[in-house]
Amino acid sequence: MPLSNHIQSADWKAEKHVPVIECADVVKANEWFEVKVSVGKEIPHPNTTEHHIKWIKLFFMPEGEKFIYDVATFEFNVHGESVAGANQGSVWTHSAAVTWMKVTKPGTLYALAYCNIHGLWESSKQIKVE
Ligand SMILES: [Fe+2]
């Protein structure tokens, strides 16, 4: 069975695991634009030691090209774990990150998120270039 069979998708407004991609719908060719990816925008994900988002990856598939680009990987590495000398954890990372990118062609952004309990989740957003 291909890996893609294990990647879930849904409406992010109704399912807390679906990564949300926020950026302009239309960007200028070869000019930096901001992209925010997050899990839990509408319905918060717990993000506890036992249950959290480990990472979100961002890809871009330019129209008319054959292969996808790996744009960024965001790891969320602390989830309230106890460390030596502390009875309970005191640091957490939220499952959200921002980067900047530029493109010369329109295409589709893809986000892939991993929950340590509920597996892989994807979403996409098309962008136009002017
Ligand atoms: Fe989860």
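In the predicted model, His118 is partly exposed, with a relative accessible area of 34%. This residue is one of the ligands of an iron ion, which is coordinated by His17 (NE2), His45 (NE2), His51 (NE2), Cys115 (SG) and His118 (ND1) at 2.0 to 2.4 Å. Along the sequence, the spacing of the donor residues is H-x27-H-x5-H-x63-C-x2-H. His17 is placed in the loop between strand 1 (7–8) and strand 2 (19–22), and His118 in the loop between strand 8 (107–115) and strand 9 (119–129), so this pair ties together parts that are 101 residues apart in sequence. In contrast to the partly exposed His118, His17 is buried, at a relative accessible area of 3%. Cys115, which supplies the SG donor, is buried as well, with a relative accessible area of 1%.

Cysteine pairing was examined next. The count of disulfides is zero.

The chain contains nine strands and zero helices. From the N terminus on, the order of elements is accordingly β-β-β-β-β-β-β-β-β. The C-alpha trace spans about 55 × 35 × 25 Å along its principal axes. Of the 130 residues in the chain, 38% are buried. Among contacts with a separation of 6 or more, 62% are accounted for by residues 24 or more positions apart.

Strands of a sheet pair through backbone hydrogen bonds, in either a parallel or an antiparallel manner. In this model, an open sheet of three strands is found with the order 2-4-7 and antiparallel pairing. Its edges are formed by strand 2 and strand 7 (96–101), each of which pairs on one side only. From one strand to the next, the twist averages 20°. Strand 2 and strand 4 (residues 33–39) run antiparallel and are joined by four bridges. Within this pairing, Pro19 stands opposite Val39 of strand 4.

Side chains of opposite charge can pair when their charged atoms come close. Over the whole structure, five salt bridges are found. One of them joins Lys28 and Glu130, with an N to O distance of 3.2 Å. Lys28 belongs to the loop between strand 3 (26–27) and strand 4, whereas Glu130 belongs to the segment after strand 9, so the contact ties together parts that are 102 residues apart in sequence. The two partners fall into separate accessibility classes: Lys28 is partly exposed at 43% relative accessibility, while Glu130 is exposed at 60%.

A further salt bridge is formed by Asp70 and Lys57, whose closest N and O atoms are 3.5 Å apart. Here the partners lie in strands: Asp70 is in strand 6 (residues 69–75) and Lys57 in strand 5 (residues 53–62), so the pair ties together parts that are 13 residues apart in sequence. Lys57 is buried, with a relative accessible area of 18%.

Lys105 and Glu65 also meet through their side chains in a salt bridge, at 2.9 Å from N to O. This pair links distant parts of the chain, with Lys105 in the loop between strand 7 and strand 8 and Glu65 in the loop between strand 5 and strand 6, 40 residues apart. Lys105 is partly exposed, with a relative accessible area of 32%, and Glu65 is likewise partly exposed, with a value of 28%.

Asn30 has a positive phi of about 65°. This residue lies in the loop between strand 3 and strand 4, the loop that also holds Lys28.

Conventions
Residues numbered from 1 in each chain as written. Predicted model: local features only at pLDDT ≥ 70, side-chain atom pairs only at ≥ 80, totals over all residues. Heavy atoms only, no water. Donors = N, O, S within 2.8 Å, 3.2 Å for Na, K, Ca; no water. Helix = DSSP H or I, 4+ residues; strand = E, 2+ residues; numbered from the N terminus. Buried < 20%, exposed > 50% of the residue type's maximum accessible area, 1.4 Å probe, protein only. Pairing = 2+ DSSP bridges. Axes fitted to C-alpha atoms, helices over the stretch in contact; angles between N-to-C directions. Salt bridge = Lys/Arg side-chain N within 4 Å of Asp/Glu carboxyl O. Disulfide = S-S within 2.5 Å. Contact = heavy atoms within 4.5 Å.
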